[in-house]
Amino acid sequence: MLWTDCLNRLRQELSGNVFTMWIRPLVAEESEDTLRLYAPNPYWTRYIQEHHLELITILAEQLSEGRVRKVEILVDSRPGAILSASEQPATTTAALESAPAPVSRPKKDKEESGSKNSRKRQLNPLFTFSLFVEGRSNQMAAETCRKVLTHLGASQHNPLFLYGPTGLGKTHLMQAVGNALLQAKPNARVMYMTAESFVHDFVSSLQQGKVEEFKKNCRSLDLLLVDDIHLLAGKEASLVEFFYTFNALLDESKQIILTSDRYPKELTELDPRLVSRFSWGLSVGVEPPDIETRIEILLKKAESSGVDLPRNCALFIAQQVVANVRELEGALNKVVAISRFKGTVIDLDVVRESLKDVLAIRARTISTENIQRVVSEYFRIPLKELVGPKRTRIYARPRQLAMGLARELTGDSFPEIGMAFGGRDHSTVMHACEKVQSLREEDPIFNEDYKNLQRLLQS
């Protein structure tokens with residue numbers, strides 16, 4: 001069977017715990033040119049899509065001699081699905097309640113044992129502090145999470161609110177706190193869920209008449225981790241229940257960590273009382289990693305996977321993929337898959353071939369000319385003045401900022417950027433980039449403008 005052959009290859013390609021936890025429990029089904037894989041929940045399908053689907057697709061096409069051209073990962077809603085609960089990472093309260101336990105023990109002990117084991121399984125074991133790459137963009141968030149661990153429930157950082165664009169490591173950091181707590185205190189009561197999972201489980205408890213059980217599960221925790229809290233918007237009944245759960249945990253000095261794509265006060269669609277409580281503790285932003293951090297992320301990821309990634313290849317990938325860590329790891333996975341498929345070492349030629357689609361998109365969307373247009377619109381100055389000779393501050397600062405963005409986002413050389421800015425010398429561009437770096441460190445308003453333009457250009 002094709003999937004059996006794929007499993008044998010994946011067992012060799014992936015680490016043992018990743019293969020056992022995420023790959024082996026999948027159920028496969030073939031039809032014509034498509035291999036369909038079934039996972040037990042959306043969280044699982046997203047993980048496979050982001051980390052392994054491309055490699056599986058390449059293997060399926062190779063092992064089927066080209067017959068299978070497409071691999072899909074779906075949530076398994078079919079009756080009689082052969083996925084045992086003991087193999088599923090329990091990411092929701094419903095899964096926590098349904099975990100099996102030995103029948104020979106008293107009922108109370110069984111429930112406690114099942115809950116305890118499920119709490120451990122719900123956290124991704126790879127999300128640890130040791131595997132988190134720190135840089136200027138995330139250092140404060142990482143340090144704060146470590147402090148939370150040593151002062152659990154302390155009012156100055158309870159709740160801890162991590163905010164920033166998607167794919168920057170907020171989930172990794174919050175789960176690192178949970179994993180470290182369980183390692184230090186195996187009996188600690190830890191629960192991780194997304195806001196969507198909270199809504200789903202609360203609605204299910206209403207339908208099944210288990211609301212009190214749901215409340216007890218949520219309000220008897222030592223650490224509650226909730227991802228994407230902004231997605232509670234519009235879910236009125238769930239918001240009310242979360243409000244009371246939130247208050248109950250804070251009253252008992254139990255730690256809460258939340259993530260969102262925005263600063264708490266920007267969540268205007270949520271209940272103002274809840275937003276106000278989010279600000280009681282500490283809010284820390286996580287920003288897109290700079291190029292040095294992106295390089296270190298790639299090198300560390302490659303090392304942990306047993307892959308030999310030359311530093312010049314890591315630099316090239318980091319220059320092309322700038323939006324977030326998730327896309328960065330996806331690019332590396334594609335490079336590794338192509339190199340293994342071709343049976344060659346990773347070099348710049350392999351990297352360029354692997355990222356040809358990314359390079360084509362970037363060539364269309366992020367160019368020095370496009371950066372100039374966006375910067376001129378952002379600061380409401382004529383494009384001809386941005387690239388022109390005038391040195392007045394109203395034009396000079398945006399011009400330097402645009403040069404800095406062009407250097408970071410396009411990978412163009414200093415002479416190339418200089419030519420695009422009215423034929424300026426390469427030394428002028430170098431000075432502009434140095435000035436931008438110092439202004440970002442000294443002037444919060446300038447730094448905010450820079451980050452806003454980054455997001456505009458990378459969206």
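Two residues are in contact when they have heavy atoms within 4.5 Å of each other. Counted that way, residues 24 or more positions apart account for 72% of the contacts in the chain with a separation of 6 or more. What you have above is a predicted model, in which local features need pLDDT of at least 70 and side-chain atom pairs count only at pLDDT 80 or more, while totals for chains, interfaces and linings use all residues. Residues are numbered from 1 along each chain as its sequence is written, and side-chain values use heavy atoms, with hydrogens and water left out.

**The chain as a whole**

- The chain holds 23 helices and eight strands; these are DSSP runs numbered from the N terminus, with helices being H or I of at least four residues and strands E of at least two.
- Of the 459 residues in the chain, 51% are buried (buried is under 20% relative accessible area, exposed is over 50%, and partly exposed is in between, with a 1.4 Å probe and protein chains only).

**Nonpolar cores**

- A nonpolar core here is a set of buried Ala, Val, Leu, Ile, Met, Phe, Trp, Tyr and Cys residues joined through side-chain atoms within 4.5 Å.
- The largest one has 79 residues, and Trp3, Leu309 and Ile317 are the members that touch the most others.
- Helix α15 (residues 325-342) gives this core its largest share, eight residues.
- Leucine 309 touches Leu298, Leu299, Ala302, Ala314, Ile317, Leu332 and Ile346, if residues up to four places away in sequence are not counted.
- As background, nonpolar side chains tend to be buried together in soluble globular proteins.

**Helices α13 and α15**

- Helix α13 (residues 291-304) packs on α15 at an angle of about 50°, with the axes 10 Å apart; axes are lines fitted to C-alpha atoms, for helices over the stretch in contact, and angles run from 0 to 180 degrees between N-to-C directions.
- That angle makes α13 oblique to α15 (under 35 degrees counts as roughly parallel, over 145 as roughly antiparallel, 65 to 115 as roughly perpendicular, and the rest as oblique).
- On the α13 side, Arg294, Ile297, Leu298, Lys301 and Ala302 meet Val325, Leu328, Glu329, Leu332 and Asn333 of α15.
- Serine 339 also belongs to α15, and its relative accessible area of 7% makes it buried.
- Beyond its neighbours within four places in sequence, serine 339 is in contact with Thr344, Ile346 and Val350.

- The axes of helix α7 (residues 139-150) and α8 come within 10 Å and cross at roughly 30°, so the two helices are roughly parallel.
- Ala141, Ala142, Cys145, Val148 and Leu149 of α7 make the contact with Leu173, Val177, Ala180 and Leu181 of α8.
- Helix α8 (residues 170-184) has its end C-alpha atoms 22 Å apart, which agrees with the 21 Å its 15 residues should span at 1.5 Å a residue; the expected span is 1.5 Å times one less than the number of residues.
- Most of α8 is covered, with 13 of its 15 residues buried.
- In helix α9 (residues 195-208), the buried residues include Phe198, Val199 and Phe202.
- Glycine 209 follows α9 and has a positive phi, near 70°.

- Threonine 45 sits in helix α3 (residues 42-51) and is buried at a relative accessible area of 7%.
- Isoleucine 58, in helix α4 (residues 53-63), is buried too, at 16% relative accessibility.
- Leaving aside neighbours within four places in sequence, isoleucine 58 is in contact with Ala337, Ile338 and Phe341.

**Loops worth a look**

- Asparagine 158 and proline 159 are joined by a cis peptide bond with omega of about 5°, and proline 159 is in the loop between α7 and β4 (160-163).
- Glutamate 32 is not a glycine, yet its phi is positive at about 50°; the residue lies in the loop between β1 (27-31) and β2 (34-39) and is exposed at 73% relative accessible area.
- Serine 253 has a positive phi of about 55° and is partly exposed at 44% relative accessibility.
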